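Please keep the sequence and the structure in view while reading.

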Amino acid sequence: MAFDTPQSDLPDVVDDEATQPAAGAYGYGATNAPFETDDGDDADETDETDPDEAEDDGDDEPGDEDPATGTTATGARRRAAGAGRTVSRGLLRRVAAKALALAAADEDDRAPLAVLLGTTTDPTEMTVAIFTTARTAAAPVGDLLSVADADPMEAGIAVLSMDKSRVRAMWALAESLGVLSVAMPASDSKAALALAKAAQSISDTQRERLSLVADMARRTAA
């Protein structure tokens, strides 16, 4: 079977989130994240805190102390600036819980997600990546499974219709699962055919691992 459809005839992939920073190692846009759902807690990522704990921006020169309050003008400016940069306790709890959950996971289960995040399998590095990139690192999981579930006659065409960044991400994920062990061909049609064949060979155990990868990529402990 050959899929030598001219690239110019393929539909353009529209990225509705082009203004978002690239996520992980493959720069998926938010529209490609079938496994990601809003956990509803981001609205509370800022909170009021003790003004004395506000972060020092290091830009102010020492000021004169107000004898009535015992504070300096510099300190007042520092507290006012720092108050807008605080984070909620809820967010901190989620970050800590995610780090603990990743640490408890088997390293073989963390490895595919680390590939997508562009990090090592270190739980701390992975946690930082999860909370500081767009929520689309696990999008290749959904793409790969969609190809795995496609009609065998259409799977290669489905891959060929995707842009190269998505194909590269799926290829890397398939490699991390062990269903591919060769470099991605330069030919789009050959890469599509090989990736489709690999995706449709994914076992039930590997599907379970992919599901776990998608769960670990969420900004929640579960």
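## An exposed proline

Pro 152 has a relative accessible area of 54%, so this residue is exposed, the cut-off for exposure being over 50%. The model discussed here is predicted. Pro 152 belongs to the loop that joins H5 and H6. Although 44 residues separate Pro 152 from Ala 196 in sequence, their C-alpha atoms are 8.0 Å apart in space.

## The contact of H5 with H8

Two packed helices are described by the angle between their axes and the distance between the axes. For H5 and H8, the angle is about 85 degrees and the axes lie 8 Å apart. The two helices are therefore roughly perpendicular to each other, since angles of 65 to 115 degrees are counted in that class.

Which residues of H5 and H8 meet? On the H5 side they are Leu 144, Val 147 and Ala 148, and on the H8 side Leu 195, Ala 196 and Ala 199. By class, the contact comprises 6 nonpolar residues, no polar and no charged ones.

## Helix H7 and its surroundings

Helix H7 covers residues 164-177, a run of 14 residues. From its first C-alpha to its last, H7 reaches 20 Å, close to the 20 Å expected at 1.5 Å a residue. Just after H7, Gly 178 adopts a positive phi of about 95 degrees.

The buried residues of H7 include Arg 166, Met 170, Trp 171 and Leu 177. Helices H3, H5, H6, H8 and H9 are the elements against which the buried residues of H7 pack.

Note on methods. Residues are numbered from 1 along each chain as its sequence is written. This is a predicted model: local features need pLDDT of at least 70, side-chain atom pairs count only at pLDDT 80 or more; totals for chains, interfaces and linings use all residues. Side-chain values use heavy atoms; hydrogens and water are left out. Helices (H or I, at least four residues) and strands (E, at least two) are DSSP runs, numbered from the N terminus. The expected span of a helix is 1.5 Å times one less than its number of residues. Buried means under 20% relative accessible area, exposed over 50%, partly exposed in between (1.4 Å probe, protein chains only). Contact means heavy atoms within 4.5 Å. Axes are lines fitted to C-alpha atoms, for helices over the stretch in contact, and angles run from 0 to 180 degrees between N-to-C directions. Angles under 35 degrees count as roughly parallel, over 145 as roughly antiparallel, 65 to 115 as roughly perpendicular and the rest as oblique. Ala, Val, Leu, Ile, Met, Phe, Trp, Tyr, Cys and Pro count as nonpolar, Asp, Glu, Lys and Arg as charged, and the others, Gly among them, as polar.
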